[in-house]
Amino acid sequence: MAAHPIVTGGLCHWFGEGEARKQALFDIDLEIEAGKLTVLVGASGSGKTTLLTLIGCLRRVQTGSVRLLGTELAGAEEGLLIACRRRLGFIFQAHNLHDSLTAMQNVRMGLDVHGRAAAENWQEAARHILTLLGLEDRLEYLPGNLSGGQKQRVAIARALVGNPDIVFADEPTAALDKASAMNAVDLLKRLGAERGTTTLMVTHDSKILDRADRIITMDDGRITGDSG
Amino acid sequence: MTAFLERLLGRVPIGWLQLSHNRMRLVAAVAGVAFANLLVLMQLGFFGALIGSVRFPYDQFNADLLISASDMNTLTDGSPLPRQRMFEALAVPGVAGATPLYFAKLDWKQPDGTIRTLDVFGVDPAARAFRNPEINARLADLSMSDIALIDRKTRNAPKGLFASIDAGQAYTFETKGRTLKVIGTFGVGGGFSADGELVVSDQTFFKLFPNRMAGAPNLVLVRLEPGAQPTRVLAGLRALLPDYDSAVRTVEEAVWRDQKFQTTQRPVGIVFGFGVIIGILVGLIIVYQVLSTDVADHMREYATFKAIGYPQRFFMSIIFEEAFILAVLGFIPGFLISLLLYFVVSKAISLPLAMTVPRALGVLGGTIIMCSISGAIATRKLARANPADLF
């Protein structure tokens with residue numbers, strides 16, 4: 001197994017067909033270390049989210065290589081991609097909670113994916129992670145009755161409850177107040193230190209940049225700066 | 001309900017929670033499925049009534065085999081048959097007896113000037129052509145001229161008429177320039193082509209229909225000796241009788257052929273068959289509409305689940321859960337309303353509309369399959385897409 005959980009080589013990506021085909025990523029070579037909080041920054045349209053979704057198995061690799069936790073994603077079968085996704089945690093810009101499920105049930109969805117054995121003590125696990133995020137008195141609320149920040153914290157709980165090896169986060173703190181955002185980032189950093197959880201985050205939040213272990217700057221589909 | 005489904009499925013019953021979250025949509029969807037069920041059950045009811053009523057007259061015959069003209073499709077059509085075939089048939093080993101049956105339609109004018117159509121059966125009063133004990137008890141009386149027995153289930157007859165006949169008050173009416181005297185009743189029930197039945201002697205029959213001859217009956221009713229092999233006798237009769245003018249069938253075979261002809265060749269059967277197809281289509285479209293809207297509304301959530309690592313079969317199971325719930329919830333009111341309508345309609349038109357267990361289970365099973373197909377179509381988009389493109 002590769003030493004680094006994320007290794008890309010010569011990664012390129014295009015959007016559109018024919019005349020409208022436009023290259024979004026150019027020869028991305030990247031190695032990301034385990035247990036660290038790595039932040040991607042750059043102007044909108046610079047390819048940050050595209051890179052994040054390629055590494056996170058949310059998009060098929062077109063050209064180049066992505067080795068995720070030792071598995072090559074280029075040309076991988078759907079079954080293999082599904083298996084990889086289960087080792088990851090996703091936090092999206094929008095919370096994407098299911099509005100018919102309570103906070104507890106939404107978090108449970110992050111456990112159920114690992115099978116019945118993993119979900120056996122789901123209530124305990126879900127309550128624990130929601131409490132860590134300060135939602136202990138909102139457990140049985142439907143998303144419609146939660147504030148934007150509370151919903152985002154439920155989404156973070158859903159991403160973390162399955163003990164992922166890597167957490168991908170796309171502007172996760174946009175809907176959070178400052179204290180909640182710091183709480184979430186501290187939680188991610190603590191997971192990195194305790195369990196070796198790797199975090200790759202796209203953000204503009206300067207407070208988070210201060211706490212990042214490494215900052216990668218992108219511009220126009222290329223890596224232009226790397227603090228690591 | 002939620003707890004029950006959770007135990008059943010071993011996961012959060014997302015389908016049910018999703019459906020019950022939007023009550024208006026659930027009510028509309030259930031009403032749509034119920035309506036489709038009602039449509040199908042009513043058409044099947046009529047279809048079943050058609051098939052059932054075709055059988056009624058055959059069930060009356062005291063016969064094991066029937067000889068008819070080779071061009072006969074239903075009981076009431078086809079050419080007459082040479083009576084010679086009956087005498088030839090009597091010579092076949094295993095045949096115990098045979099009697100000719102003459103058939104025609106007769107107009108029965110009502111006091112208000114409207115007409116009822118009766119199927120008239122002319123039989124030899126000395127032979128037992130029928131099984132019905134009510135007919136057999138009065139056979140001797142039929143040997144007098146212009147005497148008849150009438151079907152008391154005849155549609156739209158004057159009120160109290162049959163009761164007064166049964167009480168001994170003979171009823172006379174004029175038809176074909178003669179006066180018929182109805183001295184008794186029996187219960188059979190008319191089908192789609194006639195309102196009821198009339199039984200007369202063969203002699204009365206020839207007076208009513210002077211162009212019909214004793215030498216040319218419509219059917220020959222053949223009875224077998226006890227212990228005779230029907231298939232062997234059937235083969236013997238078929239070998240003996242020329243197939244250019246006569247056909248020999250068991251009663252069941254004749255019923256089946258008649259039903260098949262009336263359901264596939266006659267407009268009435270095709271109309272009901274078509275109605276069933278329309279009902280199924282309406283149901284498919286309604287359920288597809290509901291489920292595909294539901295999938296589209298939850299595309300972000302499903303995409304998130306897909307990103308987390310749920311496989312396609314997980315989404316299929318949510319959709320099947322929804323489809324199953326809609327099918328069952330829609331079936332209950334659809335079934336109850338159609339039971340009520342069966343009762344009302346069979347009272348109104350004297351047709352045998354009856355709910356059968358296979359029909360009810362068949363429609364329920366069909367609804368579940370129909371809903372599942374709709375659901376499967378609705379999730380196709382989800383199966384192909386990159387999760388990242390769905391947000």
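Begin by selecting Arg59(A), which is buried, with a relative accessible area of 13%. As you look around, keep in mind that this is a predicted model. Arg59(A) sits in the loop that runs between α1 (48-55) and β4 (63-68) of chain A. Why is Arg59(A) called buried? A residue counts as buried when its relative accessible area is under 20%, and Arg59(A), at 13%, is therefore buried.

Next, show what surrounds this residue. Leaving out residues up to four places away in sequence, Arg59(A) touches His13(A), Phe15(A), Thr53(A) and Leu54(A), and it also touches Asn386(B), Ala388(B) and Asp389(B). If you display the side chains of Arg59(A) and Thr53(A), you will find a polar contact of 3.2 Å joining them.

Now colour the two chains separately and turn to the place where they meet. Here 26 residues of chain A are in contact with 26 residues of chain B, and the area buried between the two chains is about 2,400 Å², with carbon and sulfur atoms giving 58% of it. Select Asn96(A), His98(A) and Met109(A), which together supply 23% of the area that chain A buries against chain B, more than any other three residues.

Which elements give two or more residues to the side of chain A that touches chain B? They are α2 (78-85) and α3 (103-112) of chain A, and the largest share, 4 residues, comes from α3(A). Sorted by class, this side of chain A has 11 nonpolar, 5 polar and 10 charged residues. Across the interface of chain A and chain B, 0 salt bridges are found, while the count of residue pairs in polar contact, with both residues at pLDDT 80 or more, is 8.

Move on into chain B and select Gln43(B), which is found in helix α3 of that chain. Gln43(B) is buried, with a relative accessible area of 17%, and, when residues up to four places away in sequence are not counted, it touches Val271(B), Phe272(B), Gly275(B) and Val276(B).

Finish at helix α14 of chain B, residues 357-378, whose 22 residues reach 31 Å from the first C-alpha to the last, close to the 32 Å expected at 1.5 Å a residue. Among the buried residues of α14(B) are Arg359(B), Val363(B), Thr367(B), Met370(B) and Ser374(B). To see what covers the buried residues of this helix, show the elements that include α3 (23-60), α11 (267-297), α13 (312-349) and α15 (380-384) of chain B.

Note on methods:
Residues are numbered from 1 along each chain as its sequence is written. Chains are lettered from A and ligands numbered from 1 in the order in which they are written. This is a predicted model: local features need pLDDT of at least 70, side-chain atom pairs count only at pLDDT 80 or more; totals for chains, interfaces and linings use all residues. Side-chain values use heavy atoms; hydrogens and water are left out. Contact means heavy atoms within 4.5 Å. Buried area is the accessible area (1.4 Å probe) that two parts lose on being put together, summed over both. A salt bridge is a side-chain nitrogen of Lys or Arg within 4 Å of a carboxyl oxygen of Asp or Glu. A polar contact is a pair of N or O atoms within 3.5 Å; within protein, one must be able to donate a hydrogen and the other to accept it, and residues adjacent in sequence count only if both atoms are side-chain atoms. Ala, Val, Leu, Ile, Met, Phe, Trp, Tyr, Cys and Pro count as nonpolar, Asp, Glu, Lys and Arg as charged, and the others, Gly among them, as polar. The expected span of a helix is 1.5 Å times one less than its number of residues. Buried means under 20% relative accessible area, exposed over 50%, partly exposed in between (1.4 Å probe, protein chains only).
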